[in-house]
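Got the sequence and the model open? Let's walk through them together, one question at a time.

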Amino acid sequence: MQVYLDNAATTKMDKVVADIMQTYFIDKYANPSSIHQKGEEVYNDVEKAKDKVAKILNAKAQDLIFTGSASEANNFIIKGVVRANKDKGNHIIVSEIEHPCVLGPAKELVKEGFKVTYAPVDKKGRIKMSELKDMISEDTVLVSIMTANNEIGTIQNIKKIAKLVKKSGAYFHTDAVQAVPYLELDVKDLGVDFLTLSAHKFHGPKGVGMAYIDRSVKINPLISGGEQNYSLRAGTLDVAGIVGFSKALELAYKNREKKIEKIRELRDYFLEQVKKNIKDVHLNGHEKFRLENNLNLRFNGIEGEAILMDLFNQGICVSTGSACSAKNLRTSYVLQALKINSDYLNSNVRFSLSKNTTKAELDYTVKKLKETVARLRSFSPIK
Ligand SMILES: Cc1ncc(COP(=O)(O)O)c(C=O)c1O
């Protein structure tokens with residue numbers, strides 16, 4: 001049996017999304033910036049696709065900039081906003097458990113004279129609000145805190161954080177890449193100035209990200225040299241990608257409640273079965289404020305990497321942390337931020353489900369996991 005439980009890394013594209021995208025490679029191939037009829041036809045399709053996304057996010061279509069990834073969108077927002085608003089100050093706050101594509105640009109900005117402070121989280125991965133409050137100063141230009149963490153699935157109270165940040169006069173960005181379809185992403189209700197998404201995390205195409213930006217805020221372009229995207233990101237529009245993104249997002253939010261209820265039930269069933277069959281297993285992150293598709297588990301006494309390899313040999317795909325760090329065996333900085341006992345920092349496995357996950361797949365995984373853990377523990381020096 002083949003089981004894919006690495007949906008936080010990426011998801012399988014929906015067939016309808018792939019079919020729609022195909023149209024724009026073969027038939028409707030004109031450049032949306034061309035002024036002839038074929039170009040205009042494609043331009044209109046892009047506009048319709050953007051309108052659909054805007055409606056779901058309760059944003060304006062002109063506030064959406066499609067990019068080549070969420071990593072690009074995060075770089076664009078973080079660098080673009082602080083560089084354009086130097087008159088407001090030189091201080092940035094990011095949480096210590098942000099994705100590397102937020103931590104990276106923040107670090108780069110230090111070389112340009114900006115100050116970066118890292119907002120700490122508690123043992124379950126939630127932002128310590130009073131510490132965040134104390135960090136914000138008159139010089140703070142931008143605060144970036146992710147909606148939900150990719151490794152441990154912990155969800156932040158973005159509405160509350162945005163309110164606190166906005167009250168101080170700073171701008172607020174949230175990386176919501178892992179949140180679709182698990183949370184409603186109404187940018188007005190959340191009170192965010194900037195938000196990032198990535199299509200491949202919700203059964204859309206890889207290589208298509210999106211930056212929601214409140215256009216009343218000054219922002220520098222990341223790629224200049226063309227008038228596309230209101231001169232904020234030059235380059236011929238990725239028509240197939242934008243249409244694919246839009247369709248995938250529309251499908252993600254269709255019957256959302258029912259879909260996530262099913263995923264939650266399966267995840268809870270899986271956890272119950274794992275605990276029933278395997279001793280000394282602990283949940284990392286928050287039991288309540290966590291994404292419905294995420295289970296990050298700690299198997300004391302054995303290496304997560306060894307579990308991963310063993311499961312892979314039995315047809316099961318899981319992960320030890322984020323996809324970006326999976327190939328270099330670094331200890332997870334996210335788990336370190338939770339102050340987990342250092343003996344257990346490398347004993348973790350992330351299981352991430354999707355709407356395609358079945359009970360039979362989970363039963364098979366529990367069976368194989370039980371055998372794997374028993375075998376590895378039998379020769380583990382750590383008891
Ligand atoms: C929270 C988070 N932000 C950003 C990204 C980067 O997304 P992309 O692959 O589109 O660059 C990821 C992907 O792993 C993620 O999980």
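Q: How much area is buried between domain 1 and domain 2?
A: Keep in mind that this is a predicted model. The domain assignment gives domain 1 as 3-10 + 256-378 and domain 2 as 15-253. Carbon and sulfur atoms give 54% of the area buried between the two, and the whole buried area comes to about 2,900 Å².

Q: Which three residues supply 24% of the area that domain 1 buries against domain 2?
A: Look on the domain 1 side, which brings 32 residues to the contact, while domain 2 brings 33. No other three residues of domain 1 supply more of its buried area than this trio. They are Arg 256, Leu 291 and Tyr 333.

Q: Which residue forms a salt bridge with Glu 184?
A: For a salt bridge, a side-chain nitrogen of Lys or Arg has to sit within 4 Å of a carboxyl oxygen of Asp or Glu. Here the closest N and O atoms are 3.5 Å apart, so the pair passes that cut-off. The partner of Glu 184 is Arg 256.

Q: How many residue pairs are in polar contact across the interface of domain 1 and domain 2?
A: Salt bridges across this interface number two. On the domain 1 side, α9 (256-277), β10 (294-299) and α11 (333-337) each supply at least two of the touching residues. By class, that side has 13 nonpolar, twelve polar and seven charged residues. As for polar contacts across the interface, the count of residue pairs is 20.

Q: Which residue has a side-chain N or O atom 2.6 Å from a nitrogen atom of the ligand?
A: Start with the 13 residues that surround the ligand; Ser 71, Gln 178, Ser 198 and Lys 201 are among the closest. Ala 70 uses a backbone N or O atom, 2.8 Å from a ligand oxygen, and the side chain of His 99 has an N or O atom 3.4 Å from a ligand oxygen. The side chain that lies 2.6 Å from a ligand nitrogen belongs to Asp 175.

Q: How many residues apart in sequence are the parts that Lys 28 and Asp 45 tie together?
A: The model has 22 salt bridges by the rule used, and one of them joins Lys 28 to Asp 45, with the closest N and O atoms 2.7 Å apart. Lys 28 lies in the loop between α1 (15-26) and α2 (37-57), while Asp 45 is in helix α2, so the parts this pair ties together are apart in sequence by 17 residues.

Technical notes. Residues are numbered from 1 along each chain as its sequence is written. This is a predicted model: local features need pLDDT of at least 70, side-chain atom pairs count only at pLDDT 80 or more; totals for chains, interfaces and linings use all residues. Side-chain values use heavy atoms; hydrogens and water are left out. Domain bounds come from an automatic or database domain assignment. Contact means heavy atoms within 4.5 Å. Buried area is the accessible area (1.4 Å probe) that two parts lose on being put together, summed over both. A polar contact is a pair of N or O atoms within 3.5 Å; within protein, one must be able to donate a hydrogen and the other to accept it, and residues adjacent in sequence count only if both atoms are side-chain atoms. Helices (H or I, at least four residues) and strands (E, at least two) are DSSP runs, numbered from the N terminus. Ala, Val, Leu, Ile, Met, Phe, Trp, Tyr, Cys and Pro count as nonpolar, Asp, Glu, Lys and Arg as charged, and the others, Gly among them, as polar. A residue is near a molecule or strand if one of its heavy atoms lies within 4 Å of it.
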